[in-house]
Amino acid sequence: MHERKIAPAESSNGAARLYFPRLWTPAVILLASVALYIAGAMSEVVYFQSTELQSICKRSYNLVTLGNALVNDLSLTSNSAAGMSWILYLSYVALNLAFPIGVHLMQAVFIFWWYRSKRLAKLIEYTLAIWCFACIEVMLIGIFAVEYKFPNLVNKIAGESNSAFLNIDSNLGVGFYILIVYSVVAGFLQYTLKIQHEEVSKSK
């Protein structure tokens, strides 16, 4: 009896394929995701502005400077939990910077090699596992919550007598909304790279 060999594009479940038959479609979505991530990371995500008498203090943060604010001189001065601040900073860098960048690099390698040999099925599974720990969406929810309640929090800390002299304002920057679009596009990209299997007719 002759054994039937399974081609690289097939598995025991059937012929392997991606969501889109043409690879230029996920490649374009990947480029759009990377462009949105870079634009959102470099743009203003949130700002805080305080007006006290005649002085105005405004602090603006993008995705990078927001993480750096955790370990700057002001944050570490008289900080009894400096070690925890550094752990939080490293977690922020890993989940919001390193993981998304690593995922997109792995997606690019997968798309290229899928076109060449279709033998990197495991790579996209690892990519999905890392993508689950990338926390851009969680960070955006946290930023929105902080920005929404920040003025009230500061006024309560200052007290009723001092809050009359403080004018606290905060708002979301354009980078925040760009990262929302990025989260949707990048999530759709990961879905389109999921390997699907078609039934293969068996010859008798």
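What follows is a short briefing, grouped by topic.

The structure is a predicted model, in which local features need pLDDT of at least 70 and side-chain atom pairs count only at pLDDT 80 or more, while totals for chains, interfaces and linings use all residues. Residues are numbered from 1 along each chain as its sequence is written, and side-chain values use heavy atoms, with hydrogens and water left out.

**Overall fold**

- The protein contains eight helices and six strands, where helices (H or I, at least four residues) and strands (E, at least two) are DSSP runs numbered from the N terminus.
- Followed along the sequence, these elements come in the order β-β-α-β-β-α-α-α-α-α-α-β-α-β.
- Of the 204 residues, 32% count as buried; buried means under 20% relative accessible area, exposed means over 50%, and partly exposed lies in between, with a 1.4 Å probe and protein chains only.

**The largest pocket**

- The largest pocket holds about 730 Å³ of space; a pocket is an open set of points on a 1 Å grid over the protein atoms alone, with protein on both sides within 12 Å along at least five of seven lines, and its lining residues have an atom within 4 Å of a point.
- Grid points are joined across faces, edges and corners, and a volume is the space filled by probe spheres set on the points.
- Its lining is made up of 29 residues, and Phe48, Tyr61, Leu66, Ala69 and Leu70 are those nearest the centre of the pocket.
- At least two lining residues come from each of β3 (46-52), β4 (55-61), α2 (63-68), α3 (73-76), α4 (82-116) and α6, and α6 gives the most, with eight residues.
- By class, this lining divides into 19 nonpolar, eight polar and two charged residues, where Ala, Val, Leu, Ile, Met, Phe, Trp, Tyr, Cys and Pro count as nonpolar, Asp, Glu, Lys and Arg as charged, and the others, Gly among them, as polar.

**The cavity**

- A search of the whole structure finds one cavity of 30 Å³ or more, a cavity being a set of grid points where a 1.4 Å probe fits but cannot get out.
- The largest cavity has a volume of about 40 Å³, and its lining consists of Pro100, Trp131, Ala134, Ile136, Glu137, Tyr182 and Ser183.
- Both α6 (136-158) and α8 (174-192) supply at least two residues of this lining, which by class has five nonpolar, one polar and one charged residues.

**Selected residues**

- Glutamine 49 has its place in strand β3 and counts as partly exposed, at 23% relative accessibility; glutamine 49 and asparagine 171 are 122 residues apart in sequence, yet 8.7 Å apart in space, C-alpha to C-alpha.
- Cysteine 132 lies in the loop between α5 (121-131) and α6 and is exposed, with a relative accessible area of 57%.
- Methionine 42 lies in helix α1 (residues 24-42) and is also exposed, with a relative accessible area of 58%.
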